[in-house]
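Subject: Model for your files

Dear colleague,

I am passing on the model we spoke about, with the sequence and the coordinates placed just below. My notes on it follow.

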Protein chains: 2
Amino acid sequence: MEIQVMKNILGENDRLAAENQALFAAQKVYVLNLMGSPGAGKTSLLEKTIEQLKDELSLAVIEGDLFTAKDAERIDRYGVPVIQINTAGGCHLDAAMVQKAATKLDLAALDLLIVENVGNLVCPAEFAVGEDDKAVVLSVTEGDDKPLKYPLIFKESAVALINKIDILPYCNFNLAGAKEDITALHPGIKIVELSCATGEGVAEWCAWLKARVGEKSS
Amino acid sequence: MEIQVMKNILGENDRLAAENQALFAAQKVYVLNLMGSPGAGKTSLLEKTIEQLKDELSLAVIEGDLFTAKDAERIDRYGVPVIQINTAGGCHLDAAMVQKAATKLDLAALDLLIVENVGNLVCPAEFAVGEDDKAVVLSVTEGDDKPLKYPLIFKESAVALINKIDILPYCNFNLAGAKEDITALHPGIKIVELSCATGEGVAEWCAWLKARVGEKSS
């Protein structure tokens with residue numbers, strides 16, 4: 001009976017996600033659903049991405065958090081349109097929340113919309129929000145066992161960002177092994193090693209993202 | 001309508017959690033529900049705790065993961081009874097899962113049962129499993145903004161363990177500020193700073209845990 005309920009909720013979410021996708025397609029906005037554990041570095045990566053791309057692309061951000069507008073305040077400093085969604089305890093964003101937030105943005109003026117999901121390596125992967133691609137951020141401090149323990153999010157993501165590579169020497173993290181596991185779960189996935197502290201890998205990530213935005217707008 | 005469903009599921013969980021609590025009380029087993037983000041260091045802390053306490057207390061572990069038995073294998077090396085629950089995608093343990101796993105343990109012989117929840121800073125806090133106390137592990141690599149962004153888990157926990165204190169110099173983490181936020185959310189909460197890498201703080205944590213186990217068995 002619980003499974004039946006889950007199916008109904010996901011079915012309704014899929015319907016709204018398809019509506020969002022049609023809306024974003026009509027406005028030629030590329031949408032990225034950015035996911036990862038609490039503290040993986042999603043907002044820091046967003047800051048680096050905005051620094052690198054804001055003169056080339058028209059972009060906006062939707063921030064998802066249980067409570068507070070801390071992340072939106074961080075993005076607002078860059079002069080980029082940002083909408084904060086507070087889920088009030090909810091463990092993921094869903095298509096309905098993103099649909100409502102998107103009405104507050106001038107989609108026609110945008111090339112790129114990044115949706116930063118609630119910090120959670122499990123539930124966000126189950127709920128499409130109308131994105132073109134999902135991305136997962138995994139920091140080396142979280143441990144190299146995480147891809148096999150949380151496989152869905154790696155299977156669903158077009159790109160895996162291995163973050164905090166600057167503190168790899170202080171962590172017991174098998175980088176080659178983690179990359180092998182990610183590729184085994186999702187052959188063909190793009191993997192970028194990066195550090196928001198040093199900037200390493202940010203250019204490679206932004207080049208990938210820019211190419212994806214270009215494919216959508218052309 | 002969705003809220004109604006949630007209430008029903010939680011109501012059923014509360015009923016089963018109360019059953020578990022009665023079972024554990026009858027056997028005088030103290031039960032800890034250990035929670036935290038993926039990679040916060042829950043299993044490493046368990047390993048250190050077992051090393052310190054296994055000659056003094058009779059203990060067992062229930063491991064919760066979406067997939068794999070990696071964590072149970074780590075615990076099994078210490079010669080401690082361990083049951084692995086695989087939630088197959090589920091984002092938290094619930095009372096029914098723990099009830100089923102507990103039937104495989106000799107509860108009458110135990111002083112302490114530690115339930116390591118799925119790595120997730122959100123959902124596990126909502127589902128009691130029949131525990132005496134909840135504990136949350138937060139690593140300094142996750143960022144000092146996490147208590148205010150994920151308040152429920154800190155409000156629910158009797159103890160907050162600030163882990164990976166050895167790499168504090170390499171992280172941008174305001175320790176005093178994080179502790180203030182945790183205490184503001186939950187006045188009276190026990191906070192322990194620790195490092196599973198260096199062993200710092202482990203004795204303080206184990207002393208707290210041993211005292212709680214003692215209160216239950218007396």
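**Salt bridges and the chain interface**

Both Asp65(B) and Lys149(A) are buried. Please keep in mind throughout that this is a predicted model. The side chains of these two residues, Asp65(B) and Lys149(A), meet in a salt bridge with an N to O distance of 3.3 Å, and the pair crosses between chains, running from strand β2 (residues 59-65) of chain B to helix α5 (residues 146-149) of chain A. A salt bridge with an N to O distance of 3.3 Å is also found between Lys149(B) and Asp65(A).

Between chain A and chain B, nine residue pairs are in polar contact. On the side of chain A that touches chain B, helices α1 (2-26), α3 (70-76) and α5 each supply at least two residues, and the residues of that side divide into 15 nonpolar, eight polar and eleven charged.

As to the extent of the contact, 34 residues from chain A and 34 residues from chain B take part in it. The two chains bury about 2,700 Å² between them, and 64% of this lies on carbon and sulfur atoms. Of the area that chain A buries against chain B, 21% is supplied by Pro38(A), Lys149(A) and Tyr170(A), more than by any other three residues.

**How the two copies are related**

Chain A can be laid on chain B with an RMSD of 0.0 Å by a turn of 180° and a shift of 0.0 Å along the axis, so the two copies are related as by a two-fold rotation axis. The same surface serves both copies, in that 100% of the contact residues of chain A recur in chain B.

**Salt bridges within chain B**

Arg74(B) forms a salt bridge with Glu47(B), in which the closest N and O atoms are 3.0 Å apart. Because Arg74(B) lies in helix α3 (residues 70-76) and Glu47(B) in helix α2 (residues 42-53) of chain B, the pair ties together parts that are 27 residues apart in sequence. Glu47(B) has a relative accessibility of 12% and so counts as buried.

A salt bridge also joins the side chains of Glu204(B) and Lys190(B), at 3.1 Å from N to O. Here Glu204(B) lies in helix α8 (residues 202-217) and Lys190(B) in strand β7 (residues 190-193) of chain B, so that the pair ties together parts 14 residues apart in sequence. Glu204(B) is partly exposed, with a relative accessible area of 38%, and Lys190(B), at 27% relative accessibility, counts as partly exposed.

**A backbone detail**

Most residues other than glycine have a negative phi. Phi of Lys164(A), however, is near 65°, a positive value in a residue other than glycine. Lys164(A) sits in the loop between β6 (159-163) and α7 (175-185) of chain A, and at 14% relative accessibility it counts as buried. In chain B, Lys164(B) has a positive phi of about 65°, and it is found in the loop between β6 (159-163) and α7 (175-185) of that chain.

Definitions and conventions:
Residues numbered from 1 in each chain as written. Chains lettered and ligands numbered in written order. Predicted model: local features only at pLDDT ≥ 70, side-chain atom pairs only at ≥ 80, totals over all residues. Heavy atoms only, no water. Salt bridge = Lys/Arg side-chain N within 4 Å of Asp/Glu carboxyl O. Helix = DSSP H or I, 4+ residues; strand = E, 2+ residues; numbered from the N terminus. Buried < 20%, exposed > 50% of the residue type's maximum accessible area, 1.4 Å probe, protein only. Contact = heavy atoms within 4.5 Å. Buried area = accessible area lost by both parts, 1.4 Å probe. Polar contact = N/O pair within 3.5 Å; in protein donor to acceptor, adjacent residues only side chain to side chain. Nonpolar A, V, L, I, M, F, W, Y, C, P; charged D, E, K, R; others polar. Least-squares fit on C-alpha atoms with pLDDT ≥ 70 in both.
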